[in-house]
Amino acid sequence: MENIKYKIQTKIAVFEIKKEPLGLWDLWINSMPTLTFASPEDAANAVIDKKTGYSVWDNQSENFGCEFSIENWSQLPED
């Protein structure tokens with residue numbers, strides 16, 4: 001199976017979720033790795049919950065919902 005990554009662009013940042021060699025998933029923000037999750041869904045939920053490790057995103061007052069669920073991210077082949 002070809003490795004895929006997930007990507008979504010917002011007004012504040014570009015988020016990517018990439019699989020690491022051990023099977024976990026890394027959340028990248030503006031081309032920088034931040035946190036590691038058990039699944040792409042968990043990483044996307046961190047974006048929704050503003051628990052990404054990126055203070056510009058996490059400290060904003062706007063609340064998010066299903067618009068950032070994993071189903072709305074683009075699936076791309078891994079570089």
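Colleague: How many aromatic pairs does the count come to?

Modeller: This is a predicted model, in which local features need pLDDT of at least 70 and side-chain atom pairs count only at pLDDT 80 or more, while totals for chains, interfaces and linings use all residues. Residues are numbered from 1 along each chain as its sequence is written, and side-chain values use heavy atoms, with hydrogens and water left out. Rings of Phe, Tyr and Trp (its six-membered ring) pair if their centres lie within 6.5 Å; planes under 30 degrees apart are stacked, over 60 edge-to-face, and the rest tilted. By this rule, the number of aromatic pairs is 3.

Colleague: Are the rings of Tyr6 and Trp25 stacked, edge-to-face or tilted, and why?

Modeller: The ring centres of Tyr6 and Trp25 are 6.0 Å apart. Their planes meet at 55 degrees, so the class is tilted.

Colleague: Which strands does this pair link?

Modeller: Strands here are DSSP runs of E with at least two residues, and helices are runs of H or I with at least four, numbered from the N terminus. Tyr6 and Trp25 are 19 residues apart, so placed that the pair links distant parts of the chain. Tyr6 belongs to residues 4-9 and Trp25 to residues 25-29, which are strands β1 and β3.

Colleague: Is Tyr6 buried or exposed?

Modeller: Buried means under 20% relative accessible area, exposed over 50%, and partly exposed in between (1.4 Å probe, protein chains only). The relative accessibility of Tyr6 is 10%, so Tyr6 counts as buried.

Colleague: What is the relative accessible area of Trp25?

Modeller: Trp25, the partner of Tyr6 in the tilted pair, is buried as well. Its relative accessible area is 11%.

Colleague: Which parts does the pair of Phe15 and Trp57 tie together?

Modeller: Phe15 and Trp57 are edge-to-face, 4.9 Å centre to centre with 75 degrees between the planes. The two residues are 42 apart in sequence, and both are buried. Phe15 lies in residues 14-19 and Trp57 in residues 55-58, so the parts tied together are strand β2 and helix α2.

Colleague: Which residues do ring pairs link into a cluster?

Modeller: Phe15 and Trp57 form an aromatic pair. Ring pairs link these two with a further residue, and the cluster consists of Phe15, Trp57 and Phe68.

Colleague: Over which ring does the charged end of Lys18 sit?

Modeller: A charge sits over a ring if NZ of Lys or CZ of Arg is within 6 Å of the ring centre and within 35 degrees of the ring normal. The charged end of Lys18 is 4.1 Å from the centre of the ring of Trp28.
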